[in-house]
Amino acid sequence: MTIPLPRMRIAARLRIHGQPFAGSSTIARREMMRIRLLALFALSLAASPLHAQVAHLPAGTGLGEGTAQPGNAPIEIPNAAPRARASSDGRPWSVRVAESVMRRNPQTHRRWDYTQGVVLGAIERVGLARNDAAMLDYVRTNMDRWIGPDGSIEGYEMAEYNIDEVSQGRLLFGLHQRTGDARYRRAADLLRQQLRTHPRTPEGGFWHKQVYPQQMWLDGLYMGQPFLAEYAKTYGEPAAFDDVARQFLLVARHTRDPRTGLMYHAWDYAKAQPWADSATGLSANFWGRAMGWYVLGVVETLDHFPADHPDRAAIIQTLRDAAEAIERVQDPVTGLWWNVMDQPNRAGNYLEASASSMFVYALAKAARLGYVAPEYRQVAERGFDGLLSNLVRENADGTVSLINVVQVSGVGGNPRRDGSYRDGSYAYYVSEPVVTDDYKGVGPFILAALELGR
């Protein structure tokens, strides 16, 4: 239920703690104020199986999707060589940035989707690592904004078959384990049911969305497969691991460029989309964050994937292939990565924060776990120092910001606000808005910092 904050008015019939509450008495007004304050400061409500949805704050435009930069363009950076840098107060960057998110946005995002899922997942990791109750409460409060007493998810429509909507469900497993609240299991079951009936290509690949028929995007591997693997492990569905493997291997087969080793953003099985090559069905460019989603998807999925599964080695090989290509296009000056990965210094291109953060995290974790050679740890360290030297800002109020995050990129769909079409061209990728503190960059940055002990 959305409760407007600016006006001190009580709804004629408000559901409080899962029960109808009528009238506008003094008691009712006090109860409403209590709920508002709890939401405002991102504290959790009582831990109980009857725990009701938390009141929403007003949904700000672009909440969680960053703040505009001048001209919606990249901010000029010093192009500095990577240098290790401690935060000004000596606390880890992972903690500083996680707390900056909590301070800026008591309500993480305006709806259920992957944007808040990636940052809440990162904050949860920091909270668990540090046994930080405030961070874990923040995660639970922001999940509970959307989850009803029956496990329903506000705003979620299974019939849309949007694989992006599955990703935030990864938070449900830890919440269910820590609280025993059956709502979280029911919500996870709901998302699992989507994947049981999700439309597929003839080879069995999940469509990216119902509105993108016969298309697989690299993004979708992060959105769906870590959730499906963790569900299979947690709730005993071993047959699902074959499906997880199929998705990674299909996308790698169809999108990997044999010359560069990089992966194209999207592939159309039907070869019918205007953006798709008529012979291959591939989009035209290597978008950094898309490949970042893929390697994140692999390292997050392998945490839950059986060690003895016959396809595990093949999935790891796709990660090794990607790591080699990613290292080759790392910027030699800054240690960062370009928005369009293989076209450094081309007019309009820029060193982009979300892809750089994703590559740092994925390479560091993969090196630690032996999926790739140990030397990739140094590649990741160089990338993280490049972020600190060029794209991280410490603000006067004590918060930390990440600049030069591309807000969104895709192919096809409806025309953009200016009437242009997302045609997958180079000009398209460098025309999307570039913002500060979009959580699609901030979340991976927190994970990278935590993985590197920084």
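These legends accompany several close-up views of one predicted model.

Residues are numbered from 1 along each chain as its sequence is written, and side-chain values use heavy atoms, with hydrogens and water left out. Because the model is predicted, local features need a pLDDT of at least 70 and side-chain atom pairs count only at pLDDT 80 or more, whereas totals for chains, interfaces and linings use all residues.

**View 1. Confidence along the chain.** The mean pLDDT of the protein, where pLDDT is the predictor's confidence in each residue on a scale from 0 to 100, is 90, and 87% of the residues reach 70 or more. Among the elements, strand S1 (residues 13–16) has the lowest mean pLDDT, 30, while helix H11 (residues 353–368) has the highest, 99; helices (H or I, at least four residues) and strands (E, at least two) are DSSP runs numbered from the N terminus. Over residues 1–52 the pLDDT is below 50, and this stretch has 81 contacts in the model beyond near neighbours in sequence, a contact being heavy atoms within 4.5 Å.

View 2. A pocket is an open set of points, on a 1 Å grid over the protein atoms alone, with protein on both sides within 12 Å along at least five of seven lines, and its lining residues have an atom within 4 Å of a point. The largest pocket holds about 1300 Å³ of space, a volume being the space filled by probe spheres set on the points, which are joined across faces, edges and corners. Its lining consists of 39 residues, and those nearest its centre are Glu 65, Arg 110, Gln 407, Val 408 and Arg 422. Strand S3 (65–68), helix H3 (114–130), helix H7 (219–235) and helix H9 (288–302) each supply at least two lining residues, and S3 gives the most, with 4 residues. By class, the lining of the largest pocket has 12 nonpolar, 12 polar and 15 charged residues; Ala, Val, Leu, Ile, Met, Phe, Trp, Tyr, Cys and Pro count as nonpolar, Asp, Glu, Lys and Arg as charged, and the others, Gly among them, as polar.

**View 3. The second largest pocket.** This pocket has a volume of about 460 Å³, and of the 22 residues that line it, Glu 124, Arg 125, Arg 170, Glu 230 and His 304 are the closest to its centre. At least two lining residues come from each of H3, helix H5 (171–179) and H7, with H3 giving the most, 7 residues. The lining of the second largest pocket divides by class into 7 nonpolar, 7 polar and 8 charged residues.

**View 4. The largest cavity.** The structure holds 2 cavities of 30 Å³ or more, where a cavity is a set of grid points at which a 1.4 Å probe fits but cannot get out. The largest cavity has a volume of about 60 Å³, and among the residues that line it are Ile 163, Phe 206, Trp 207, His 208 and Gln 247. Strand S4 (215–217) and H7 are the elements that give two or more residues to this lining, and H7 supplies the largest share, 3 residues. The lining of the largest cavity has 6 nonpolar, 4 polar and no charged residues.

**View 5. The second largest cavity.** About 50 Å³ of space lies in this cavity, which is lined by Val 97, Val 392, Val 400, Ser 401, Leu 402, Asp 437, Val 442 and Phe 445. Strand S7 (400–402) and helix H14 (439–451) each give two or more of these residues, S7 giving the most, with 3.

**View 6. Aromatic pairs.** A search of the whole structure finds 16 aromatic pairs; rings of Phe, Tyr and Trp (its six-membered ring) pair if their centres lie within 6.5 Å, and planes under 30 degrees apart count as stacked, over 60 as edge-to-face and the rest as tilted. Trp 267 and Tyr 269 form an edge-to-face pair, 5.9 Å centre to centre and with 85° between the planes. Trp 267 is buried, with a relative accessible area of 4%, whereas Tyr 269 is partly exposed, at 35%; buried means under 20% relative accessible area, exposed over 50% and partly exposed in between, with a 1.4 Å probe and protein chains only. The rings of Trp 337 and Phe 359 have their centres 5.3 Å apart and their planes at 70°, so this pair is also edge-to-face. Because Trp 337 lies in the loop between helix H10 (312–328) and H11, and Phe 359 lies in helix H11, the pair ties together parts that are 22 residues apart in sequence. Trp 337 is buried, with a relative accessible area of 0%, and Phe 359 counts as buried at 0% relative accessibility. Elsewhere, ring pairs link Phe 173, Phe 227, Tyr 231 and Tyr 235 into a cluster.
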